[in-house]
Amino acid sequence: MRSKPRHGPSFAELYTPKLFTVLREGYGLGDFRADAIAGLTVAIVALPLSMAIAIASGVGPERGLFTAIVGGFLVSALGGSRFQIGGPAGAFIVIIAAIVERHGYDGLVLATLVAGLILIAAGFFRLGTYIKYIPFPVTVGFTAGIAVIIFASQLKELLGLDLTSEPAAFVPKLEALWAARATVNAQALAIGAVALAIIVGLRRWRPTWPGFLLAVIAAGGLAWALNLDVATISSRSARWPRSLPDPSLPPFSLAKLQAVLPDAVTIALLGAIESLLSAVVADGMSGRRHRSNCELVAQGVANVGATVFGGIPVTGTIARTATNVRAGAKGPVSGILHAGYLLLFMLVAAPLAGYIPLAALGAVLAVVAWNMAERDDFIALLRASGGDRIILLATFLLTVFVDLTTGIGVGVVLGAFIFLHRMAESVEVAGEAPLIAEDQADDYAGRTAYDPAEAAGRDVVVYRISGAFFFGAVAAVSGVLERIGERPRVLVLDFSEVPMVDSTAAKTLLRFAEKLAKAGAMVYLAGATPAVRRELLQVGLKKPLVRYAKSVEQAISHATPGPDQG
């Protein structure tokens, strides 16, 4: 008895975490040692970043660490990428700050929880493969827009401005910063400059050193030794936790759920894009391949878990993931250990974290924003085609001046329309009326009698359609067909180079065939693939209205009377 052929991978193959795949392949002491070193390297990078992102998002620095610990552990333990590092990301600063400003931290918790459930559902419905269809100009545009907003959000800390309330929206933020320009703190400005110089200098001369962490430690030590009047983590956060909080959720209502649902969708969308982009980067660096839908499920679980433990949204982080690969990680164990190191840092070094100047964390995020901006890609797209330029600028400007959701939505829609326009322009219609052999010189020596079988009637017209025949190309194709001067006795449409046809195009062709039929013309559709033919038959393009042939030659031979017929 024959077994049924398999159609695609099984559920287990799609959703088995890479951690189990790595362990099944054989995981030894050498692999663990490499993962331990890589995890420590990533944790050193993640420690200042997690706190800086949380503070910039309008929540306490400890929430950034909770997110990196719980979310990072779950992403690595359950994810579909060998090297993905999860945690708070700079791309979420804009969204989180806006949600906290409108709905408070409780609203953020609910939005993140719902976003996690959306991601889990998206993974199980196998929507991860569709994220790759987001146009590249959209990705570059919203990433650059987020970078601009992040940099603007750190001006208050870098300049030490005395600003009671800082709006989340870009234009009101700039207005508030300008209004507070007289309160610039020279000491905070100096600390930020020192931290920035250390980061940039180490990247240039000692790129393997943990620049972020060393800059933060040096700035904190300098501020403490000189007793500088600058804002620190302890002045912003009343109490620093010595352990993870007990799992809990604040009370919610249906009205609150309705209010934060759009924000939850935004978090889920951005989380999916960032995570899968990060996984793709890791694939390119390592030569491995991630499971996109398994990764989405893991990101959803991580967001739910981080929410329960007092965190903020989680996503895959490109910079930390790339650091993990470069540090020699062998698999997800490095990400799990990175979460363990962060927990250890929080337990042991908690009292020291309070001395970190906010200006130093502002310098860290300024560098993050600079790296996020993707300047080379942005400039290259500005020099590209007009369509890509429009998508890029629309996404970028809407992200900065309106919001991220609008920027991505408009960018994707513009990208779809421009793609359809390009596809429609690629469709070609070539006509031959009649289809006859090329001129040849007379050969009197070998001259034979006239053979009517060799003749093609001049009332036979052949048109060849090349490209996808869909609604966007209908106007161009029908315009050419309608320009046929005298109605031919036979019209042959060559579909051999048409890979697909949609219902709109098929309906248009049906109306044209009906018009020709009323005029007494015969229509042949030649060379259509089974899929194309099936779509044409479904709308009514069948005998006696049209006839099908395997080739143009066959259609002409059927349509042209033989010697005994005429």
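This is a predicted model: local features need pLDDT of at least 70, side-chain atom pairs count only at pLDDT 80 or more; totals for chains, interfaces and linings use all residues.

Student: What is the general idea behind a nonpolar core?

Tutor: In soluble globular proteins, nonpolar side chains tend to be buried together. Here, the largest nonpolar core has 97 residues. Among those with the most contacts inside it are Leu108, Phe142, Phe212 and Leu365.

Student: Which helix gives the most to this core?

Tutor: Helix H5, residues 93-124, with 15 residues. Apart from this core lies another, of 35 residues, including Ile465 and Val523.

Student: Which residues does Leu108 touch, leaving aside neighbours within four places in sequence?

Tutor: Leu108 is in contact with Val59, Ile96, Ile99, Val100, Ile312 and Pro313.

Student: Now a helix. How do I read its sides?

Tutor: An α-helix has 3.6 residues a turn, so residues three or four places apart point the same way. Now take H8. Its buried residues are Phe170, Lys173, Ala176 and Leu177. They lie on the same side of H8, because they cover an arc of only 125° around the axis.

Student: Which exposed residues does the face turned away from the buried side of H8 carry?

Tutor: That face carries Glu175, Trp178 and Ala179.

Student: What covers the buried residues of H8?

Tutor: The cover includes helix H6 (136-153), helix H7 (155-159) and H19.

Student: Which residues form the nonpolar patch on the surface?

Tutor: Val171, Leu382, Leu393, Leu397, Phe401 and Val402. Together they have about 480 Å² of accessible area. Helix H19, residues 386-401, supplies the largest share of the patch, with three residues. Val171 sits in helix H8, residues 170-179.

Student: Is Val171 buried, exposed or partly exposed?

Tutor: Partly exposed, because its relative accessible area is 35%. That value falls between the cut-offs: buried is under 20%, exposed is over 50%.

Student: Why does Thr323 count as buried?

Tutor: Because its relative accessibility is 15%. Thr323 lies in helix H14, residues 318-326. Beyond residues up to four places away in sequence, Thr323 touches Thr41, Val42 and Val45.

Student: Where does Gly211 lie, and is Gly211 buried or exposed?

Tutor: Gly211 is in helix H10, residues 211-225. Gly211 is buried, with a relative accessible area of 12%.

Student: How far is Gly211 from Lys18?

Tutor: Their C-alpha atoms are separated by 30 Å. Along the chain, Gly211 and Lys18 are 193 residues apart.

Terms used. Residues are numbered from 1 along each chain as its sequence is written. Side-chain values use heavy atoms; hydrogens and water are left out. Patches are made of residues with over 30% relative accessible area and no salt bridge: like charges are joined within 9 Å, nonpolar side chains (Val, Leu, Ile, Met, Phe, Trp, Tyr) within 5 Å. Accessible areas come from the Shrake-Rupley method with a 1.4 Å probe; for residues, only the protein chains shown count as cover. A salt bridge is a side-chain nitrogen of Lys or Arg within 4 Å of a carboxyl oxygen of Asp or Glu. Helices (H or I, at least four residues) and strands (E, at least two) are DSSP runs, numbered from the N terminus. Buried means under 20% relative accessible area, exposed over 50%, partly exposed in between (1.4 Å probe, protein chains only). Contact means heavy atoms within 4.5 Å. A nonpolar core is a set of buried Ala, Val, Leu, Ile, Met, Phe, Trp, Tyr and Cys residues joined through side-chain atoms within 4.5 Å. The arc is that of the directions from the helix axis to the C-beta atoms.
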